[in-house]
Amino acid sequence: MELKRMVSELLHQGRDDELRKLVASEPRSVRVLMGRLWDVNAMVRRHAANALGEIAAVDPELGKEILRRLAWALNDESGTNGAPGLAAIGEIGRRVPKLVVPHIGALVAMAWDEGLRLELLHALAAIAETDPTLIRPYLAEIEVELETANETEHAAFAAIESLCTRGGAR
């Protein structure tokens, strides 16, 4: 069975253990996983983001490369809607916070973009779950970008704020 179809089936079936084994034995599967971040099926996107986070935890150098590609997708020059990649950035940050440190400022600077904002807030929350000290300095900068009447954004921001203010410094 071809690699793309194998990865797709494992993602659709939620067979994460088998997916991990496949990725470990076949590095080309990372490219397929990254493509699945744009899948129409939300469950497939979530499993792909989780798998990419796990890959980064096992192989930080590959994690850096994945982050570089996802950051490029967020760039207007890429011609890509990079919002779906934010879930993977969040999962990488949840598992290996030090990998996302160089990207946090640039991510926060994108909070003005209403097309990215909600996914960005979710990614920042994932990072804050593991290391709130990375996000805490940016709370005010993030908050000023929220749409006043958007309750969903305010709830997502409140979750980040709670993570960053309870528990103190790491």
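**Pocket lining and buried residues**

Reply: This is a predicted model. A lining can be read by residue class, and in the largest pocket the lining residues divide into eight nonpolar, three charged and no polar.

Me: Which residues line the largest pocket?

Reply: The lining consists of Arg20, Val23, Ala24, Pro27, Val30, Ala51, Glu54, Ile55, Val58, Asp59 and Leu62. The space in this largest pocket is about 200 Å³.

Me: Which helices each supply at least two residues of that lining?

Reply: Helix H2 (16–25) and helix H4 (42–58) each do. H4 gives the largest share, four residues.

Me: Is Ser29 buried or exposed?

Reply: Buried is a matter of cut-off: it means under 20% relative accessible area. Ser29 has a relative accessible area of 0%, so Ser29 counts as buried. Ser29 lies in helix H3 (residues 29–36). Not counting residues up to four places away in sequence, Ser29 touches Leu3, Val7, Leu22 and Val23. Val23 is also part of the lining of the largest pocket.

Me: Where is Ile127, and what does Ile127 contact beyond its neighbours within four places in sequence?

Reply: Ile127 sits in helix H8 (residues 117–130). With those neighbours left aside, Ile127 is in contact with Gly90, Gly93, Arg94, Val100, Ile104, Leu134 and Ile135. Its relative accessible area is 0%, so Ile127 is buried.

Me: How far apart are Ile127 and Ile89 in sequence and in space?

Reply: Ile127 and Ile89 are separated by 38 residues in sequence and by 8.7 Å in space, C-alpha to C-alpha.

How values were computed
Residues numbered from 1 in each chain as written. Predicted model: local features only at pLDDT ≥ 70, side-chain atom pairs only at ≥ 80, totals over all residues. Heavy atoms only, no water. 1 Å grid on protein atoms, 1.4 Å probe; cavity = no way out; pocket = protein on both sides within 12 Å on 5 of 7 lines; lining within 4 Å. Points joined across faces, edges and corners; volume = space filled by probe spheres on them. Nonpolar A, V, L, I, M, F, W, Y, C, P; charged D, E, K, R; others polar. Buried < 20%, exposed > 50% of the residue type's maximum accessible area, 1.4 Å probe, protein only. Contact = heavy atoms within 4.5 Å.
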